[in-house]
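Please look through the sequence and the structure below before reading on. The paragraphs that follow begin with the ligand and its surroundings and then turn to the aromatic rings.

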Amino acid sequence: ASARRIVFTGASGGIGTMIRPLLAPLYPGLVLSDKVKPKDLLPSETFVAADLTKPDEVAAAVKGADSVIHLGGYSVEGPWDTILQANIIGCYNLFEAARQAGVKRVVFASSNHAVGFYPRKRKIGTDVTVRPDSRYGVSKAFGEALGALYADKHGMSVTCLRIGNVGPRPLDVRRLAIWISPEDIVQLIGIGLNHPDIRFEIVYGVSDNETSWWDNSRAQSLGYRPKGKSEDHRAHAEAEQAKIGPDPVGDLFQGGTFCASEFTNDV
Ligand code: 15L
């Protein structure tokens, strides 16, 4: 049997840059993809350039792959055309190219912003109706729906990670609830790539945080054992929060500033 070929889109992005050193020993031969090549390619990595809006380039990137880690796209709120191209058309191109190439597994980077308009007071599971807080959040809900379609119609194994915020430590008080360490997201990616029983799953990409707003028991039953604890970084997060000050809309909802942006409703 030949070695697995795993393609990682968005490899030059924020999360990609943080986790590549952790992925390299676990997945030797990992094929990185992005529009621009990372400057510091490791000996065990290869690179194939692809613009997600170009079906031919995406097809070339996933050719021969058995699995795809799809983190490519636009990672924050943006103008409609930006979201449409990178996250709607780009995500479709990825899943369709993967299907045509016979890819068996996709791990998709969804986001907390697919459910950002749930109030912080509420604890939600992964079975709630989506409540996107932005065009970006809508595009992540679209990606989850597309993943379900390819799982149910074509038998692909699809794992959607509703990622909170990845980093070495939580950036503010909101991130105390949603923070995930680079090590823990790598653990979730591993479940998506290797768990024998996955057809379609949505799990929260969050560490073992005391103030979490999410019931992540599905991830737990798939074997997820997060090691990060945001409480270890509370002093840092609170100090950073003090510099930001209150946000009358953002502070009510899980999505924070994404909810407050362009907001014209009453609270
Ligand atoms: C996201 O989905 C973004 O990609 C990231 O830049 C952060 O804004 C994160 O959510 C967050 O909610 O903190």
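**The ligand and its surroundings**

In this predicted model, the residues that surround the ligand are Ser75, Val76, Ser111, Asn112, His113, Tyr136, Gly164, Asn165, Arg174, Arg175, Ile178 and Phe258. Sorted by class, this shell is made up of four nonpolar, six polar and two charged residues, and the element that gives the most to it is helix 5, spanning residues 173-178, with three residues. The space that the ligand takes is the largest pocket.

For Tyr136, a polar side-chain atom lies 2.7 Å from a ligand oxygen, while an N or O atom in the side chain of Ser111 is 2.8 Å from an oxygen atom of the ligand, and for the side chain of Asn112 the corresponding distance is 3.1 Å. The ligand taken alone would expose 310 Å², and the protein buries 81% of that area.

**The aromatic pairs**

A pair of aromatic rings is described by two quantities, the distance of the centres and the angle of the planes. The structure holds five aromatic pairs, one of which is formed by Phe117 and Phe253. Why does the pair of Phe117 and Phe253 count as edge-to-face? The ring centres are 4.9 Å apart and the planes stand at 80 degrees, and because an angle over 60 degrees counts as edge-to-face, the pair falls into that group.

Phe117 belongs to the loop between strand 5 (105-111) and helix 4 (135-154), whereas Phe253 belongs to the loop between helix 8 (234-244) and helix 9 (257-260), so this pair ties together parts that are 136 residues apart in sequence.

Conventions
Residues are numbered from 1 along each chain as its sequence is written. This is a predicted model: local features need pLDDT of at least 70, side-chain atom pairs count only at pLDDT 80 or more; totals for chains, interfaces and linings use all residues. Side-chain values use heavy atoms; hydrogens and water are left out. A residue is near a molecule or strand if one of its heavy atoms lies within 4 Å of it. A polar contact is a pair of N or O atoms within 3.5 Å; within protein, one must be able to donate a hydrogen and the other to accept it, and residues adjacent in sequence count only if both atoms are side-chain atoms. Accessible areas come from the Shrake-Rupley method with a 1.4 Å probe; for residues, only the protein chains shown count as cover. On a 1 Å grid over the protein atoms alone, a cavity is a set of points where a 1.4 Å probe fits but cannot get out, and a pocket is an open set with protein on both sides within 12 Å along at least five of seven lines; lining residues have an atom within 4 Å of a point. A molecule sits in a cavity or pocket if more than half of its atoms lie within 2 Å of its grid points. Helices (H or I, at least four residues) and strands (E, at least two) are DSSP runs, numbered from the N terminus. Ala, Val, Leu, Ile, Met, Phe, Trp, Tyr, Cys and Pro count as nonpolar, Asp, Glu, Lys and Arg as charged, and the others, Gly among them, as polar. Rings of Phe, Tyr and Trp (its six-membered ring) pair if their centres lie within 6.5 Å; planes under 30 degrees apart count as stacked, over 60 as edge-to-face and the rest as tilted.
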